[in-house]
Amino acid sequence: MSYTRGTFAALVDALVPETPGLASRGPEHVPGGLEAGLEEAVVERVNSFVETRGLASLAGDAVPLAPAVAALLDAAAAELLVRRRAEAGLRSPDDAFAGGPFCRLSREDRLRALRLLEDDGVVAALSERFDAASLGTVQFLASSLPILVEFVYYSETTADDGEHSLGWRQADYPGPSDGYPVLLGYEVESFEENDY
Amino acid sequence: MRERETDVAVVGAGGDGPALAWRLGQLGVDVTILEAGPFYGNEEWPAPNDAPGGEASGDPADLSGTLYDEQFTSREGDMNDPVTGTLRWGPADDDRPPWQRTVPQQALIAQLSGVGGTTQHYYANHPRAFVTAVDDQPQWPIDYADLVPYYQLLEEVHPVEPAPTTPKAEVFFEGARRAGYDLNEGLNVTEAGYRPFPNAISQPDERLRRDGGDGDEYRYPDYEGDTLAMHEHQGGPHPREAPFRERARRSSNVSLVPRAFDTGNVEIRPNAFATDVLTDDGPGSVEATGVEFRDTWAATTERLYADVVVLAAGCVETPRLWLNSGLPDDGWVGRGLTTHWFDFVTGIFEPGAVESLVGQPAVEPHQGQAAGSRLDVPGVGAVAVNTFAPGVTAMAVYAAGRGEWAFDRDTAGEPWDSCGRLAGRELKERMADYRRTLTLICHTDDRPRRDNRVVVDESTEDEHGPVPLVEWEPHPDDDARRDELARRGAELLNEAGAAHVHRTDAAPILLHMQSSMAMGKVLDAGGEAKNVDRLFVADHSALANGVGGANPTHTGQALALRTAERVAARYFGGVDDPVGDPG
């Protein structure tokens with residue numbers, strides 16, 4: 001397990017964890033993102049966000065951003081700890097996680113750390129102070145992470161057969177359809193060209 | 001460098017460019033549309049994401065329902081993934097990353113490249129502008145009445161018709177009735193009220209009545225019109241196996257592009273990213289003479305010379321192209337962007353509550369049209385049913401919030417039970433309730449402000465020049481309108497019997513975008529640039545404001561049709577039989 005993958009595993013686990021407490025709703029509701037290999041799908045996408053230019057394009061089509069994002073998550077975790085904003089203590093990282101401070105936070109504290117990158121943390125404060133678009137893009141990138149994780153998990157992306165992903169099964173979504181017989185009628189038959 | 005000539009060069013085959021091209025084609029004017037993205041459902045490009053394919057298409061016989069069925073799978077990961085999806089803002093070549101924008105804040109931009117533009121994933125909602133947003137707000141140099149003949153033409157040809165009532169729509173209507181709203185039955189909205197959406201989706205076959213289904217495959221030719229499959233966001237290719245132009249959801253590629261091709265005067269060149277508006281500096285004025293563009297597969301540069309240039313690249317790329325071309329900036333280029341400052345409120349219903357309203361235990365958000373019913377609140381905005389497949393639900397409703405996570409918020413005294421982004425067990429519980437969920441979107445009547453803008457990020461270039469820099473923040477007045485809509489939406493859901501109401505408190509979602517090159521500011525009342533002759537803008541950036549929070553496509557296309565007649569009147573010998581007042 002690499003540093004990058006292990007840090008994204010801790011992010012995925014904070015957003016879509018295993019939930020033994022939901023077993024009463026059915027066994028399919030217990031597994032979470034790590035079970036589906038979600039961290040790998042997310043790392044792949046983060047590494048495909050931005051195209052390379054010039055000499056850098058000799059090394060690949062896209063900028064390998066994921067290791068930098070993992071480092072930012074650790075920096076945000078350190079900031080959370082230094083500013084005494086963490087509400088739970090540090091813990092030993094899960095086997096699937098890397099060893100940095102982000103991976104040692106509780107699930108909710110990991111999301112509070114992510115929040116510092118979006119707003120309220122040192123990067124956001126510097127971006128305000130210097131009005132620097134390049135710093136502001138860190139805020140954009142950070143807020144994209146939960147969107148990407150939750151979208152990929154609840155789409156069919158992680159399914160072996162292209163349809164029956166954990167997310168679709170947990171939502172009880174039957175997948176694409178040609179149509180449904182659900183017409184009840186019309187509240188308005190046709191709109192009027194009324195005066196105004 | 002390869003060079004060609006035409007009468008009118010249009011940049012962008014999105015929602016509005018094809019409307020303008022169709023009308024110009026009818027008037028005998030030759031039009032070439034340059035589109036940055038791919039052309040799906042066209043035999044010139046049998047593998048549009050893997051190989052360059054042909055060069056241009058203008059023959060209706062090129063359009064292929066068979067290819068459309070292959071390319072649009074209806075699966076949300078395939079279609080909607082913002083990085084790798086078939087429908088994204090990026091080049092046709094899907095081995096390449098999306099095209100870059102600099103967005104220095106928490107936000108989401110949901111624009112698409114490709115013929116049809118963002119209408120490829122739109123819900124075909126075609127309400128007219130609120131009357132007061134055009135006639136009473138100060139920005140518009142024309143009257144609402146000037147738009148009406150063009151609205152009427154679109155309503156006839158798409159066609160635009162009342163959305164059918166389905167169980168989820170009836171839950172919404174009953175909530176609205178109980179909250180005290182009247183039914184709006186008119187096309188011209190001046191009072192608060194609820195109604196089915198005027199949608200550009202052909203109405204469904206009567207055999208699709210509930211309990212009337214015979215278990216058939218709901219495919220063409222057995223079924224024509226909408227099949228209530230709710231795949232608008234995934235490209236809306238139903239009914240399956242129909243000819244390309246007979247698909248029920250009337251995105252511009254399906255409805256207007258074939259009509260434009262029928263005129264024999266319009267061709268579209270996809271995979272062509274415009275990078276420079278060419279000009280002659282005349283005595284005292286600048287005049288547009290053509291467009292330089294880059295082939296996104298071959299990486300070659302070409303020029304298209306024209307008597308008139310029309311920019312229809314959307315609210316972000318039109319000002320970017322303008323600024324990268326060094327055209328004059330009077331202070332409002334790229335400024336005054338409106339976004340409808342979206343939010344979501346979502347109700348989860350117990351089976352008994354839904355059963356008593358509509359005779360079935362679940363809301364079933366994945367059945368029926370994606371957005372078929374709405375509440376109009378002129379002066380404030382609108383609240384509409386907005387339903388998605390699960391991945392997009394999680395992304396938009398539960399992950400796209402701003403501010404503190406839901407677990408760090410207190411909602412005591414609010415009309416919602418939870419607010420903010422969800423994660424962990426709470427997210428999984430809400431998503432396990434997916435089929436009992438009804439989501440409403442709030443479209444705020446946000447007002448144009450100069451600080452909300454699209455400029456260029458001189459420090460970041462891609463192969464098309466400095467990339468766009470997009471900044472949008474709500475004014476406190478816009479926040480107040482959005483709060484009011486969220487409260488009205490929550491009240492409606494509570495009246496309908498929701499057991500749990502959640503508010504997203506969304507970060508800026510830039511999907512509806514308007515007014516960044518506004519008529520009355522950058523453009524004259526005919527849509528022509530005040531400071532550049534023979535250069536027009538015909539996309540949503542030309543709208544003078546956010547049309548009150550009504551979905552903008554109808555007004556964008558109506559204005560594009562009107563602008564086509566202005567182009568013909570000013571530069572191509574007039575219009576014999578104008579749709580509207582020739583002015």
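Predicted model: local features only at pLDDT ≥ 70, side-chain atom pairs only at ≥ 80, totals over all residues.
Across the interface of domain 1 of chain B and domain 2 of chain B, 3 salt bridges are found. Polar contacts were also counted there. Between domain 1 of chain B and domain 2 of chain B, 18 residue pairs are in polar contact, with both residues at pLDDT 80 or more.

Several elements of chain B form the domain 1 side. At least two residues each come from α3 (76-80), β3 (108-109), β8 (272-281) and α8 (314-324) of chain B. The largest share belongs to α8(B), which gives 7 residues to the side of domain 1 that touches domain 2. By class, this side of domain 1 of chain B holds 15 nonpolar, 15 polar and 6 charged residues.

Domain 1 of chain B is made of four segments, 4-97, 108-160, 240-337 and 513-571. Domain 2 of chain B covers 343-509. The centres of the two domains, taken over C-alpha atoms, lie 28 Å apart. Domain 1 of chain B brings 36 residues to the contact, and domain 2 of chain B brings 39 residues.

The size of an interface is often expressed as the accessible area lost when the parts come together. Domain 1 and domain 2 of chain B bury about 3,100 Å² between them. Of this area, 56% lies on carbon and sulfur atoms.

Definitions and conventions: Residues numbered from 1 in each chain as written. Chains lettered and ligands numbered in written order. Heavy atoms only, no water. Domains from an automatic or database assignment. Contact = heavy atoms within 4.5 Å. Buried area = accessible area lost by both parts, 1.4 Å probe. Salt bridge = Lys/Arg side-chain N within 4 Å of Asp/Glu carboxyl O. Polar contact = N/O pair within 3.5 Å; in protein donor to acceptor, adjacent residues only side chain to side chain. Helix = DSSP H or I, 4+ residues; strand = E, 2+ residues; numbered from the N terminus. Nonpolar A, V, L, I, M, F, W, Y, C, P; charged D, E, K, R; others polar.
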